[in-house]
Amino acid sequence: MILTDFARALAQMVDPRFRRVLWLGIGLSAGLLVALYAGLLALVGVFAPEHVTLPLIGEVAWIDDALGWGSLLLMLGLSVILMLPVASMMSGFFLEEVADAVEAKHYPGLPPARSVPLADQIRDTFAFLAVLVLGNIAAFAASLAFPPAAPFLFYGVNGWLLGREYFQVAAMRREGRVGARTMRKRHPLRIWGAGCLMALPLTVPVVNLLVPVLGAATFTHLYHRLARRRAATR
């Protein structure tokens, strides 16, 4: 059933609302990284001297140029590492739009979902980014101690983190924060399994940028499936 939820989400990737959130996340992330590089370059220009006099060598006039090119190489390297978490953070502000698109197509006739206050969205998005980074640092440290466990740690930890976040986003619109948390605790294995499925593309460059949109859509389907099952048993 989780694969069915994923397939339905993947089939809707051509939806203009999906593409809008995807490009917004990528564009804003790229803009933020460019702004960070511009700030780093400005610091190099302020603090790096244009000329340095070295013993036995004399005056050296290329120190600031070397630091400038070095900062570019550093930023290019960091962007490979930072692009996914930053894109996830940026897309997080628009994931409700993805859930709205899924519900409009697959679950018509529903009453309007609850609007999550902007302050809560900002707090939740930055909290998820922090937990995502710290969780992966912890998994990497553990994998150094026992390298054969590295892939299991990576997919297991990211599966838990992604499942927790995207299910909360999908369920909170209909259940509220407390209701979403309660529902998440009732179905930990299903949510973790769906999260692990979302973690698989993380290791594929470019494809990993689709994860926030695919995750929000997949977990919207998962939420409605679990909600219907709950309603049928009452």
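Biologist: Let's start with two helices: is the crossing of α7 and α8 right-handed or left-handed?

Modeller: The crossing of α7 and α8 is right-handed. A crossing gets that name if the near helix is turned clockwise from the far one by less than a right angle, and is left-handed if anticlockwise. Helices (DSSP runs of H or I, at least four residues) and strands (E, at least two) are numbered from the N terminus.

Biologist: What should I know about the model itself?

Modeller: It is a predicted model, in which local features need pLDDT of at least 70 and side-chain atom pairs count only at pLDDT 80 or more, while totals for chains, interfaces and linings use all residues. Residues are numbered from 1 along each chain as its sequence is written, and side-chain values use heavy atoms, with hydrogens and water left out.

Biologist: And how many helices and strands does the protein chain have?

Modeller: There are eight helices and two strands. Read from the N terminus, the order is α-α-β-β-α-α-α-α-α-α.

Biologist: Back to α7 and α8: at what angle do they pack?

Modeller: Two packed helices are described by the angle between their axes and by the distance between the axes. Here α7 (residues 188–199) and α8 (residues 211–233) pack at about 160°, and their axes are 10 Å apart. Axes are lines fitted to C-alpha atoms, for helices over the stretch in contact, with angles from 0 to 180 degrees between N-to-C directions. The pair is therefore roughly antiparallel (over 145 degrees; under 35 is roughly parallel, 65 to 115 roughly perpendicular, the rest oblique).

Biologist: Which residues of α7 and α8 meet?

Modeller: From α7 come Arg190, Ile191, Ala194, Gly195 and Met198, and they meet Val211, Leu214, Gly215, Thr218, Phe219, Leu222, Leu226 and Arg229 of α8. Contact means heavy atoms within 4.5 Å. By class, eight of these residues are nonpolar, three polar and two charged. Ala, Val, Leu, Ile, Met, Phe, Trp, Tyr, Cys and Pro count as nonpolar, Asp, Glu, Lys and Arg as charged, and the others, Gly among them, as polar.

Biologist: How do α1 and α7 pack?

Modeller: Their angle is about 45°, with axes 10 Å apart, and α1 and α7 are therefore oblique to each other. This crossing is right-handed. Ile2, Leu3 and Phe6 of α1 make the contact with Arg190, Gly193, Ala194, Leu197 and Met198 of α7; the residues divide into six nonpolar, one polar and one charged.

Biologist: Which residues touch the most other members of the largest nonpolar core?

Modeller: Nonpolar side chains tend to be buried together in soluble globular proteins. In this core of 42 residues, the answer is Phe18, Leu162, Phe167 and Phe219. Such a core is a set of buried Ala, Val, Leu, Ile, Met, Phe, Trp, Tyr and Cys residues joined through side-chain atoms within 4.5 Å. Elements giving two or more residues include α1 (2–11), α2 (16–47) and α6 (150–186). Leaving out residues up to four places away in sequence, Phe219 touches Gly163, Tyr166, Phe167, Ala170, Ile191, Ala194, Gly195 and Met198.

Biologist: Is arginine 225 buried or exposed?

Modeller: Arginine 225, in α8, counts as buried because its relative accessibility is 14% (buried is under 20%, exposed over 50%, partly exposed in between, with a 1.4 Å probe and protein chains only). Beyond four places in sequence, arginine 225 touches Met1, Ile2 and Asp5.

Biologist: Where is proline 201 found?

Modeller: Proline 201 sits in the loop between α7 and α8, and is buried at 15% relative accessible area. Its C-alpha atom is 7.1 Å from that of valine 211, ten residues apart along the chain.
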